[in-house]
Amino acid sequence: MPYYGYFDPTYLLVIIGAVLSLLASAKVKSTFSKYSKVHSLSGMTGAQAAEKILHFSGIFDVRIERIEGDLTDHYDPKSKVLRLSDSVYDNTSVAAVGVAAHECGHAVQDNKGYAPLRIRAALVPAANIGATVSWPLILIGILLGGSKTLITLGIILFSLAVLFQLVTLPVELNASGRAVTILAETGILQGEEVGQTKKVLFAAALTYVASAASMILQLLRLIILAGNRRND
């Protein structure tokens, strides 16, 4: 690939990935903000909805805790704890209930032994190592005169982080699907509220799609750069 002055054309891949991530982040924030102003007819808070969903699903060993931050909600399968952020825990909006239900979806996955969730959990250590060590290895390989072994090892490790992002997609989409179904079955949300929650969860899903796309583009850039060095 030709270089024009000091500009590396492969940076375009990184820029595209960054733009996708920014757009997805802006979308989820604007959608959550919009439907945070729409209070659910049931009047249930995110925490109350989460408790009802868990019990409806036959889950009684998962604690519900409050966590600081904005949209920092998550389910911890190791501790069996569902953590809801300040904007969700005691909020009665359609958006808050939807996010709480989504996290309950992960608890249901864990309870039922959902395979992709287990695979993702198993990939966490390797993905963390890959994301942390890959770039230093590649840079050291370049500084050592283009060490093929180190650069290739770095790319393989980065691929583990990419694989983690790809496995995350079906896990998140499935959790949202479970959430919408249970919300309708339990009557926590009704009629138009279910459609509004779908919009919130769809916007959230876009962040995972954008993250995966960004990682894939970065991997493609690494492969291109490694190929160029072999041809030099």
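**Exercise 1. What does the accessible surface of the protein chain come to, and what percentage of it belongs to carbon and sulfur atoms?**

Solution. The model is a predicted one, in which local features need pLDDT of at least 70 and side-chain atom pairs count only at pLDDT 80 or more, while totals for chains, interfaces and linings use all residues. Residues are numbered from 1 along each chain as its sequence is written, and side-chain values use heavy atoms, with hydrogens and water left out. Computed by the Shrake-Rupley method with a 1.4 Å probe, the accessible surface of the protein chain is about 11,900 Å², and 64% of this area belongs to carbon and sulfur atoms. Buried residues, meaning those under 20% relative accessible area, account for 44% of the 232 residues in the protein chain.

**Exercise 2. Work out in which order the strands of the sheet lie, and which strands stand at the edges.**

Solution. Begin with the elements, which are DSSP runs numbered from the N terminus (helices are H or I with at least four residues, strands are E with at least two); the protein chain has 7 helices and 3 strands, arranged from the N terminus as α-α-β-β-β-α-α-α-α-α. Next comes the pairing, which requires that DSSP finds at least two bridges between two strands: the 3 strands form an open sheet of mixed pairing in the order E1-E3-E2. Strand E1 (63-67) and strand E2 (74-76) each have a single partner strand, so each of these edge strands has one side left without a neighbour in the sheet. Lastly, E1 and strand E3 (residues 81-85) run parallel and are joined by 5 bridges, with Ile64 standing opposite Leu82 in E3.

**Exercise 3. Is Tyr11 buried, partly exposed or exposed?**

Solution. First locate the residue: Tyr11 is found in helix H1 (residues 11-35). Then apply the classes, where exposed means over 50% relative accessible area and partly exposed lies between the buried and exposed limits; Tyr11 has 42% relative accessibility and therefore counts as partly exposed.

Definitions and conventions
Buried < 20%, exposed > 50% of the residue type's maximum accessible area, 1.4 Å probe, protein only.
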